[in-house]
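Here are a few notes to read with the model open beside you. Take them one at a time and find each spot as you go.

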Amino acid sequence: MPLPRLLLLTLLTLMAFAANSVLCRLALFEERMDPALFTLLRLTSGALVLVLLCGARKKSPRQGDWGGALALVIYGAAFSFSYLTLTTGTGALLLFAAVQISMLAPPLLRGEPLPRRQWLGLL
C-alpha cells in the first residue's frame, strides 16, 4: 500500500476512534441516556449495519461466534458504564489498548511471530 494512502487511512481511523469517544461521552453526559440502553442501542445498530452490508453484497452472514459476541457485549457495557467515571484521556488510552490487544493477541497466542511493522504500530 502506498505510504500516502496508508497515512490517510490511519488518520481516518484515529479520527473515527476519537469521534466514537466523543459521541459516547455526549450520549452519557449528565445521564442523558442510561449506559445499559446505550450499549443495547449501539450493538444493535452495529449488527443491523452488518446485516445490511451483507445484504448489499448478496452474501449470507456466516455462522456467528457466540463467545466473541459475549465478549463484545461485556466490552461495550464495561465502556458505557466506565464513561461515567473515567477521564477522557484514560478512556481513550484504554480503548486504543483494548483494540490493539484484540488484534495482536490471537496471532501471538497461536505462536505466530509479528512482523516488525506490527510491533512498531503497537508501540
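1. Start with T39: leaving aside neighbours within four places in sequence, T39 is in contact (heavy atoms within 4.5 Å) with V73, G76, A77 and S80. T39 sits in helix 2, residues 35–56; helices here are DSSP runs of H or I, at least four residues, numbered from the N terminus.

2. Why does T39 count as buried? Because its relative accessibility is 7%, and buried means under 20% relative accessible area with a 1.4 Å probe, protein chains only. A polar atom of the T39 side chain also lies 2.9 Å from the backbone oxygen of P35.

3. A quick word on what you're looking at: this is a predicted model, where local features need pLDDT of at least 70 and side-chain atom pairs count only at 80 or more, while totals for chains, interfaces and linings use all residues. Residues are numbered from 1 along each chain as its sequence is written, and side-chain values use heavy atoms, with hydrogens and water left out.

4. Not counting residues up to four places away in sequence, Y83 touches S21, C24, R25, L28 and L95.

Technical notes. Helices (H or I, at least four residues) and strands (E, at least two) are DSSP runs, numbered from the N terminus. Buried means under 20% relative accessible area, exposed over 50%, partly exposed in between (1.4 Å probe, protein chains only). A polar contact is a pair of N or O atoms within 3.5 Å; within protein, one must be able to donate a hydrogen and the other to accept it, and residues adjacent in sequence count only if both atoms are side-chain atoms.
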